Amino acid sequence: MDRLDNTIRPYAWGSTTALPRLLGTEPTGEPQAEMWMGAHPGAPSRTDRGTLVEVIDADPERELGPDAVAKFGPRLPFLLKLLAAGAPLSLQVHPDLTQAKEGYEDEERRGVPVTAPHRTYKDANHKPELICALTEFDGLCGFRDPQRAAGLLDGLGVDSLKPYVDLLHARPEEAALREVLTAVLTADPDEMARTVAEAAAACDRLGGAYAPYADIAHHYPGDPGVIAAMLLNHVRLQPGEALFLGAGVPHAYLEGLGVEIMANSDNVLRCGLTPKHVDVPELLRIVRFEAGDPGVLRPEAGPDGEEVYETPIDEFRLSRYVLPAGGVTHGLTLAAPQILLCTAGSVRVGEHELTPGTSVFIPSGEKAEASGTGTLFRATVVI
C-alpha cells in the first residue's frame with residue numbers, strides 16, 4: 001500500500017481557494033485547478049517506490065492483477081482527480097473508442113506532431129468522465145430540447161440570433177441542433193463577437209436563468225462558445241450528486257469542487273470558451289446531436305456501506321464510504337487496483353491516517369481495511 005504524493009495543476013480556470021480549503025493549506029494566490037492521482041505520464045503520483053508509472057511498469061500483474069492486465073493492458077486505465085473550478089472550463093466533447101483510434105492513426109499517418117497545437121488526438125483511447133460534487137457544482141451537460149433552447153435565445157431580444165431561433169423551431173431535433181451549432185462555430189468572427197456582446201448584455205440585464213451565461217461571457221467575451229453554451233442543459237449539483245459524461249456529449253464545468261474520474265486519455269475536442277484550437281469539422285463528426293435530461297446520478301447503496309456511482313464504463317468505478325463516528329471497520333480488499341481518497345474527516349487505511357485531500361494506492365489483492373470518521377472515495381476498475 002503506497003501513500004501518494006500528487007501534483008496540483010495550476011490551470012488558469014482553477015479556484016485560488018477551494019483546494020487549499022480542503023487540504024488545510026494557505027492559498028498562494030495562484031489558481032489550483034486539479035490534483036491528479038494515478039499513473040498518467042503527464043503527472044504521475046509519486047510513492048516511496050518511485051512514480052506510480054514506474055511501480056506498475058516494474059510488475060504490472062502484481063500491482064494491477066492478472067484480470068485487469070488481461071482486460072486493459074499493463075497500465076492503470078483511470079485517472080482520479082480533485083477538480084476545483086473557479087471559472088468556466090472549455091466547452092468540449094470526447095470521442096468514443098473507435099473514433100479515438102481512427103483519429104489518432106490518421107494524425108500519426110499525416111505526421112502531425114503530438115505536441116502541435118492543432119493536434120486533436122493525443123492518444124488512441126476514449127475519455128468518458130464522472131464528476132461528483134463535493135460542494136455545490138455548476139456545469140453544462142448535453143443539449144436542451146431545441147424548443148427550449150429557442151425560447152432561451154429568443155428571450156434575449158437580439159436580432160442576429162433570430163435565424164438560430166427559427167432553425168430550432170423549424171427543423172427536426174438532430175438537424176436543428178447540428179445546423180445551429182455549425183452556424184455558430186463557422187460565423188464571421190467579428191459579427192459573432194458583436195452578437196455575443198449583445199447577448200451578454202441581455203443576460204446581465206435579465207439574470208435568473210440567464211445568469212450562468214452572463215458569467216461565461218464575462219470570462220470569454222466575444223467567444224462563440226457563449227451562444228453554443230445556451231444550447232446545453234445547465235445543471236447545479238448538490239454535494240454527493242454526480243454527472244456521467246459519455247462520448248459525444250458536449251459539456252463544460254463552470255464552478256465548484258468535485259471528485260472527477262476518467263479513462264486515462266487526453267483526447268478533447270473543443271467547441272468554444274477557449275483560446276485553443278477548435279477543429280470544427282472533426283467536432284461536428286464526434287458530437288451526438290441528441291437532446292435529453294443530463295441524468296444526475298446519486299450513489300446506490302451496496303454491501304458493507306459502500307455507495308456506488310453506477311456507469312456503463314469498465315475502465316473506472318467510483319464509490320464512497322461515509323463513515324460515522326464510532327462506526328465499524330470496512331473491508332476494502334479487491335482483486336483489482338484501487339486508489340482511496342479522503343475528502344472529509346480522518347480515516348485510517350492500514351498504517352496510513354488519511355485526512356482531506358490525501359490518498360493511497362492499493363495493489364490488487366492486498367488486504368485493506370478502513371476505519372474512522374469521514375468520507376472516503378474509492379476508485380477502481382470493473383473486471
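The tour below goes from the cores to a pair of helices and then to some individual residues.

This is a predicted model, in which local features need pLDDT of at least 70 and side-chain atom pairs count only at pLDDT 80 or more, while totals for chains, interfaces and linings use all residues. Residues are numbered from 1 along each chain as its sequence is written, and side-chain values use heavy atoms, with hydrogens and water left out.

**The cores**

In soluble globular proteins, nonpolar side chains tend to be buried together. A nonpolar core here is a set of buried Ala, Val, Leu, Ile, Met, Phe, Trp, Tyr and Cys residues joined through side-chain atoms within 4.5 Å. Buried means under 20% relative accessible area, exposed means over 50%, and partly exposed is in between (1.4 Å probe, protein chains only). The largest nonpolar core holds 51 residues, and those with the most contacts inside it are Leu140, Leu153, Leu156, Leu168 and Ile216. A second, separate core has 36 residues, including Ala68, Leu257, Tyr309 and Phe377.

What does Leu153 touch, leaving aside its neighbours within four places in sequence? Its contacts (heavy atoms within 4.5 Å) are Leu161, Tyr164, Val165, Leu168, Ile227, Met230 and Leu231.

**Two helices side by side**

Helices (H or I, at least four residues) and strands (E, at least two) are DSSP runs, numbered from the N terminus. Helix H6 (residues 146–154) packs with helix H7 (residues 162–170) at an angle of about 160°, their axes being 8 Å apart. Axes are lines fitted to C-alpha atoms, for helices over the stretch in contact, and angles run from 0 to 180 degrees between N-to-C directions. H6 is therefore roughly antiparallel to H7; angles under 35 degrees count as roughly parallel, over 145 as roughly antiparallel, 65 to 115 as roughly perpendicular and the rest as oblique. From H6, the contact is made by Pro146, Gln147, Ala149, Ala150, Leu153 and Asp154, and from H7 by Tyr164, Val165, Leu168 and His169.

Now to another part of the chain. Glu63 is found in helix H3 (residues 60–64). Its side chain makes a polar contact with the side chain of Arg49 at 3.0 Å. A polar contact is a pair of N or O atoms within 3.5 Å; within protein, one must be able to donate a hydrogen and the other to accept it, and residues adjacent in sequence count only if both atoms are side-chain atoms. Beyond its neighbours within four places in sequence, Glu63 has contacts that include Val55, Ile56 and Pro363.

Pro363 lies in the loop between strand S20 (359–362) and strand S21 (369–380). The C-alpha atoms of Pro363 and Gly65 are separated by 7.7 Å, although these residues are 298 residues apart along the chain.

**Loop residues**

Most residues other than glycine have a negative phi. Leu273, in the loop between strand S13 (269–272) and helix H12 (280–286), has a positive phi near 60°. Asp304, in the loop between strand S14 (300–301) and strand S15 (307–309), has a positive phi of about 60°. Lys276 is found in the loop between S13 and H12.

Here is the accessibility of the residues just visited.

| Residue | Relative accessible area | Class |
|---|---|---|
| Glu63 | 4% | buried |
| Leu273 | 1% | buried |
| Lys276 | 52% | exposed |
| Asp304 | 39% | partly exposed |
| Pro363 | 1% | buried |
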